[in-house]
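Trainee: I have a model open and want to learn how to read it. Can we go feature by feature?

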Amino acid sequence: MSTVLEMKNITKKFPGVLANDNVCFSADSGEVHALLGENGAGKTTLMNILYGLYQPTSGEIYLKGRKVEITSPKVAIENGIGMVHQHFMLIPALSVVENVILGMRQRRGAFLAIDEAAAKVKDLSARYGLAVDPHRKVGDLSVGERQRVEIVKALYRGADLLILDEPTAVLTPQETDELFGVIRHLTAQGHTVIFISHKLNEVKAISDRVTVLRQGRAVTTVKTSRVSKEELARFMVGKEVLFDIEREPLEPGAPVLRLDQIEADNDLGLRALKNVSLEIRQREVLGIAGVDGNGQRELVEVICGLRKASRGTVWLGDIDVTNASPRRITELGTAHIPEDRQARGLVLTMTLKENLVLHDYYRPPFSRGHFLNWKEIRDHSRRLIREFDVRTPHEDLLAKNLSGGNQQKLILARELSSQPQLLVAMHPTRGLDVGAIEYVHRKIMEQRARGAAVLLVSTDLDEILSLSDRIAVIYEGEIMGILANHQVDIGEIGLMMAGVKKTAVA
Ligand SMILES: Nc1ncnc2c1ncn2[C@@H]1O[C@H](COP(=O)(O)OP(=O)(O)OP(=O)(O)O)[C@@H](O)[C@H]1O
Ligand SMILES: [Mg+2]
């Protein structure tokens, strides 16, 4: 194998943050090189520098031994570098092939170009095992399919070094397997893949080498086969990490949330929830297990007032909140950790402190009459930023400048600090590092111990099993059965996730 990339002594300073501190990183042809590190360690920044989105404060980049100045993504692409971002950048209203050729210079008539491009997209899909239909609208594609479009787009532009920034964070286990198939195809044909993930199992499964970043510095580069998951975790955080969480036995109290025969449609007008009835009591976590896209999103939206139920009743305590407004439901003590932090959870162009009072800026102590009490807002934000360990120089940073995992921590800080009666958490640890996951799990257990009812939606079965008192399995909008955690049989859950109903209900 030959070295294709060398990044030498890369330093990147942002106001108040040393995001990369003298980092050396290299990659070989045909290699999968994993980049690992805590939230805010500097992984995305280093890759944004390689892709020409940022200029390093100092340091040098060599491609195949030749020094290069990557002044823009255009230059990166010309040098055979492609990047699939942590948050996708496709245009939903356009077709796959239109997205693929978007921004490229056209030499011929538009129609001819589309036909030609579609043929080339088909070619690439066949060659690398990337199943995509060039003529479908991106807005109609699943997350996994959109990601394949991003990869095709990079390959179409001639990428032989591909950067994948947390590609699996949004994928189902099956889609992850498919992606790994694609990565193996790529490396078998000499491509180099830089793979960022917080999931140590995945890093172990797919990478040849791992480089670990900690607080902007590269602490080690090792052959993956020579390290254990535990050692990798220790490199990342600099101390021992626990992998298990205590769930102390608690006696559940009064019902907090009750759903009675709920039905609702999805965005396409198709029935997404069918006759869903469930109850969650104080001091209880109900986990919703299921393959992504089986009604979980609609369920959460109905509970939070973001989607109309066409039938049935939602009760918060003894108040009927069916189709009530999101604000009313929030005011009645519901906190919501949404699935999509960038679209629903945060206003990216606002500061951290503004985001932290998004639900209650209009109430005391944050406002008096028509005036906002900025001192109170600032003190409150500083407290939360400290308590939830949001890594940032100050509370006036724009939310978009936080690292992905720290954006998630900011949402948690806002939602959990309201001392909710009901916590609706959808994929609460997506994109978080192992230390932060442990922290969030502890926080959820604290809410439970405090008396809150928790609805936890996750596609990560380990997470569901370690936090839930009872587990409901959802399939095509129907609850297949509800099991008490202590009587769970993984095989049975698997069957239920595939649509086999359970007869006895816990
Ligand atoms: N444009 C920017 N302006 C100011 N600070 C920034 C900017 N981009 C990144 N940072 C800061 O640089 C640091 C490193 O961020 P980066 O996004 O590289 O982390 P990461 O390792 O990718 O983390 P995560 O796992 O959470 O995605 C963070 O403290 C972040 O807030
Ligand atoms: Mg990142």
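Trainee: How many bridges join strand β1 to strand β2?

Mentor: Two strands pair if DSSP finds at least two bridges between them. Helices (H or I, at least four residues) and strands (E, at least two) are DSSP runs, numbered from the N terminus. Here β1 (residues 3-14) and β2 (residues 17-28) run antiparallel, joined by eight bridges. Ile10 has Val23 in β2 as its bridge partner. This is a predicted model, where local features need pLDDT of at least 70, side-chain atom pairs count only at pLDDT 80 or more, and totals for chains, interfaces and linings use all residues. Residues are numbered from 1 along each chain as its sequence is written, while chains are lettered from A and ligands numbered from 1 in the order in which they are written.

Trainee: Which residue in the hairpin of β1 and β2 takes a positive phi?

Mentor: Gly16, with phi near 85 degrees. Two residues lie between the strands.

Trainee: What does β1 do with strand β4?

Mentor: β1 pairs with β4 (residues 58-63) over five bridges, again antiparallel. Leu5 is bridged to Leu63 of β4.

Trainee: Which domains does the protein chain have?

Mentor: Bounds come from an automatic or database domain assignment. The assignment gives domain 1 (3-237), domain 2 (253-333 + 453-506) and domain 3 (334-419).

Trainee: How many residues does the contact take from domain 2 and domain 3?

Mentor: Residues are in contact if their C-beta atoms, placed from the backbone, lie within 7 Å. Domain 2 gives seven residues and domain 3 gives four. On the domain 2 side, α9 (296-304) and α10 (326-331) each give two or more. The C-alpha centres of these two domains lie 27 Å apart.

Note on methods: Contact = placed C-beta atoms within 7 Å.
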